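Thanks, everyone. I'll keep this brief, so please look at the model on the screen.

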Amino acid sequence: MRKLRGDTEPPEPGAQWYDAEAGPLVRPYAMTGGRTSPGPSGVRFDLIALVSLDTAAPEMGDDTALGPEHRALIELCRTETQSVAELAADADLPVGVVRVLLGDLLELGVVKVTRPVPPAQLPDEKILREVIDGLRAL
């Protein structure tokens, strides 16, 4: 059968591209295996939680248990400590997906998560008023 100009082959299943630059669409639940919580330990990752590569972590090598998204997060953590929000932005992944993937990496002992230093508590209002009164008296 002769092809006419403008005829195209039917797309292969799963190869439909929704945007020329975006590539094929992968649903977030496919990256996490349908999971929505970060591992059985029930760890909660705040957006400002700091994630760094654990220096005592075993070398993962080319472990096939880790997906490409896991590897991307490891590479981002390798350069510097980053917050969960920064990792999500740099990896171009939804925050929920990053939380689940970080839970996997935390259970494997690849990363460690720390809370940022809380801001100093504000002094009591009475002390501030005494300071203001003392400054006015000068």
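This is a predicted model: local features need pLDDT of at least 70, side-chain atom pairs count only at pLDDT 80 or more; totals for chains, interfaces and linings use all residues.

Start with helix α2, residues 68-79. Helix α2 lies across β1 and β2, and runs at about 90° to β1.

In what order do the 3 strands come? The order is β2-β1-β3, the sheet is open, and the pairing is antiparallel. Strands β2, 82-83, and β3, 111-114, stand at the edges. Each has a single partner strand, so one side of each is left without a neighbour in the sheet. As a reminder, strands of a sheet pair through backbone hydrogen bonds, either parallel or antiparallel.

Zoom in on one pair. Strand β1 covers residues 50-53, and pairs with β2 over 2 bridges, in the antiparallel sense. Which residue of β2 stands opposite Val51? That is Gln82.

Step back to the whole chain. The protein chain has 5 helices and 3 strands. From the N terminus on, the elements run α-β-α-β-α-α-β-α.

What about contacts along the sequence? Take those in the protein chain with a separation of 6 or more: 72% of them come from residues 24 or more positions apart.

Last, burial and surface. The protein chain has 138 residues, and 24% of them are buried.

Conventions
Residues are numbered from 1 along each chain as its sequence is written. Side-chain values use heavy atoms; hydrogens and water are left out. Helices (H or I, at least four residues) and strands (E, at least two) are DSSP runs, numbered from the N terminus. Buried means under 20% relative accessible area, exposed over 50%, partly exposed in between (1.4 Å probe, protein chains only). Contact means heavy atoms within 4.5 Å. Two strands pair if DSSP finds at least two bridges between them. Axes are lines fitted to C-alpha atoms, for helices over the stretch in contact, and angles run from 0 to 180 degrees between N-to-C directions.
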